[in-house]
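Please keep the sequence and the model in view while reading.

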Amino acid sequence: MRTVTHVLAEGASAGGGRQSDIFDPNNGGIQGKVDLGDADVLQTAVDAALAAQPAWAATNPQKRARVMFRFKELVEAHMDELAELLSREHGKVIADSKGDVQRGLEVIEFCCGIPHVLKGEYTQGAGPGIDVYSMRQPIGIGAGITPFNFPAMIPMWMFGPAIATGNAFILKPSERDPSVPVRLVELMLEAGLPEGILQCLHGDKEMVDAILDHPAIGGISFVGSSDIAHYVYQRGVAAGKRVQAMGGAKNHGIVLPDADMDQVVNDLSGAAFGSAGERCMALPVVVPVGEDTADRLREKMIPAIEALRVGVSTDEEAHYGPVVNPAHKERVEGWIQKGVDEGAELVVDGRGFSLQGHEDGCFIGPSLFDKVTTDMESYKEEIFGPVLQIVRAQNFEEALSLPSQHQYGNGVAIFTRNGHAAREFASRVNVGMVGINVPIPVPVAYHSFGGWKRSAFGDTNQHGMEGVKFWTKVKTITQRWPDGTADGGNKDAFVIPTMG
Ligand code: NAD
């Protein structure tokens, strides 16, 4: 059985220690082991990072960008291998795995322009003979702690901007699907990144706590579930670090009566069930406005769901594959039962789904609930599986209030032909990312990604200029070159300088 281990700088020692299982979602068995690191392994990585980072920060930004260019070419050349590896451990279908890699690569493309975005600000003559300029400098060593559901995209969201801006970076990916992050780190090194600038350490809470407490790590980017995001945020900030911590989600799709219902059903099928619902930007809640809209939606949704093909992750015809492991399958099915117990109407039941030849695989058929209400736990919490819940709203204001009052505020979508209503909705909704007739409004790489409320702790988004800001600190220089004619005795020197 293969073992996935840390990627450390040469000479650093991984030591022995605990391991955890990597499941095979297609058959429910165990396909490998991953080493779980501790504070000692982290220390070897930090030592290597400290040794390497000053020279990397001093490397001109164009040369740093060239490593990004080469990395992009390498990832493109290895796309099939990466997608196959990703599908094998995560369970998403190959085409979706390629999308996972591609969305991360788009952040790398943005990082190829890092010399341009790192240009500082300059004011000539801010006062008599005084110029002011500012520059962005790397924070030193950054760390990224990532979830299982985007094992390529999310590590690249983080290490791209961190490294391009001159930091060393320690990646702690999910222990559930660690192989793609390892390959990405290997490809960065192959692209010419110096030893010690990017290392990959595996682990669970023990490793995360060691990262949160390590005094040499200046910034931590986290993506995962909300309770852990909040914990990471609090502990990291208490240790004096900057922390951005993205959490869970429960995104709503609002359907106004004038929406193109065929388009809505098509979009919802992909957004609710794609990747088995294991996306933080999935649309697991649909809010039709008015009973007639709800009835029309439900009538069209049922056959669309029944037409979905669930298959192994290598099945090119499958719409989605298994969930990540047996424990997650059990958890999702538990939520379906909870919905039934709470009184929601289970219109399509995806439990008990079995795929011939893969009877022990982690498959869950698509499920549809109607008449879900806001007091139900199954509405309040994230299910993170192929389950779509219909919550009926009587009017626009009620529909607007549902995502606005929900504890999560990652993404939301509205489907309508009415530009005024869409504009009003986008402006008033209390959610971080909004789609207008776009079901999964993940911003492009040169904008930035981040939710509100319990979907994100901290104040800086991922990637784009927000990412650059997170991984750098501003230094501002106020300079004067006196002409040597000062005659002394200037009492103004004792007053706070103003530019009056
Ligand atoms: P998770 O919270 O279980 O794990 C995330 C990371 O935290 C992993 O690296 C894991 O090893 C570590 N971790 C787990 N338990 C820990 C603990 N007790 N203490 C410290 N660290 C711990 O999340 P997951 O199941 O891997 O990913 C799915 C979750 O991530 C969902 O809630 C999803 O909505 C969320 N997510 C959010 C975004 C976003 O941008 N908002 C994007 C993707 C996923």
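Ala45 touches Leu8, Ala12, Ile170, Gln199 and Leu201, leaving aside residues up to four places away in sequence. Here two residues are in contact if their C-beta atoms, placed from the backbone, lie within 7 Å. The model is a predicted one, in which local features need pLDDT of at least 70 and side-chain atom pairs count only at pLDDT 80 or more, while totals for chains, interfaces and linings use all residues. Residues are numbered from 1 along each chain as its sequence is written.

**Nonpolar cores**

Ala45 belongs to the largest nonpolar core, which has 81 residues; Ala45, Ile211 and Val232 touch the most other members. Helix 6 (residues 153–164) gives the largest share of this core, nine residues. A second, separate core has 59 residues, including Phe148, Tyr320, Val323 and Val372. A nonpolar core is a set of buried Ala, Val, Leu, Ile, Met, Phe, Trp, Tyr and Cys residues joined through C-beta atoms within 7 Å. A residue is buried if 20 or more other C-beta atoms lie within 10 Å of its own, exposed if 12 or fewer, and partly exposed in between, with C-beta atoms placed from the backbone. In soluble globular proteins, nonpolar side chains tend to be buried together.

**The annotated domain**

The unreviewed UniProt entry places the feature "domain: Aldehyde dehydrogenase" at residues 18–477. UniProt positions are given in the numbering used here, feature names are shortened, and annotations may be inferred rather than shown by experiment. Over residues 18–477 the chain is 42% helix and 20% strand, and the end C-alpha atoms are 49 Å apart. Helices (H or I, at least four residues) and strands (E, at least two) are DSSP runs, numbered from the N terminus.

**A mixed sheet and its helices**

In what order do the seven strands of the open sheet lie? The order is 13-14-15-12-11-17-18, and the pairing is mixed. Strand 13 (345–348) and strand 18 are the edge strands, each pairing on one side only. From one strand to the next, the twist averages 20°. Helix 12 (residues 326–341) packs on the sheet, touching strand 13, strand 14 (367–370) and strand 15 (387–390), and its direction makes about 25° with that of strand 15. Helix 15 (residues 419–428) also packs on the sheet; it touches strand 11 (252–255), strand 17 and strand 18, and its direction makes about 175° with that of strand 18. For these angles, axes are lines fitted to C-alpha atoms, for helices over the stretch in contact, and angles run from 0 to 180 degrees between N-to-C directions.

Two strands pair if DSSP finds at least two bridges between them.

| Strands | Bridges | Residues opposite each other |
|---|---|---|
| Strand 17 (residues 411–415) and strand 18 | Four bridges | Val412 and Val434 |
| Strand 12 (residues 285–288) and strand 15 | Two bridges | Val285 and Gln389 |

**Helix 3**

Helix 3 (residues 79–90) has twelve residues, which at 1.5 Å a residue should span 16 Å; its end C-alpha atoms are 16 Å apart, which agrees. The expected span of a helix is 1.5 Å times one less than its number of residues. Which residues of helix 3 are buried? They are Leu82, Ala83, Leu86, Ser87, Arg88, Glu89 and His90. Their cover includes strand 2 (19–23), helix 2 (61–77), helix 4 (94–111) and helix 7 (179–190). Just after helix 3, Gly91 takes a positive phi of about 105°.

**Buried loop residues**

Ala276 also has a positive phi, about 55°, although it is not a glycine. This residue is found in the loop between helix 10 (261–273) and strand 12. Ala276 counts as buried because it has 34 C-beta neighbours inside 10 Å.

Phe384 lies in the loop between helix 13 (377–380) and strand 15. Its phi is near 60°, a positive value in a residue other than glycine. With 24 C-beta neighbours inside 10 Å, Phe384 counts as buried.

Pro439 is found in the loop between strand 18 (433–436) and strand 19 (452–453). Why does Pro439 count as buried? Pro439 does so because it has 23 C-beta neighbours inside 10 Å. Not counting residues up to four places away in sequence, Pro439 touches Gly253, Asp267, Leu268, Gly270, Ala271, Leu283 and Ala413. The C-alpha atoms of Pro439 and Met281 are separated by 8.7 Å, although these residues are 158 residues apart along the chain.
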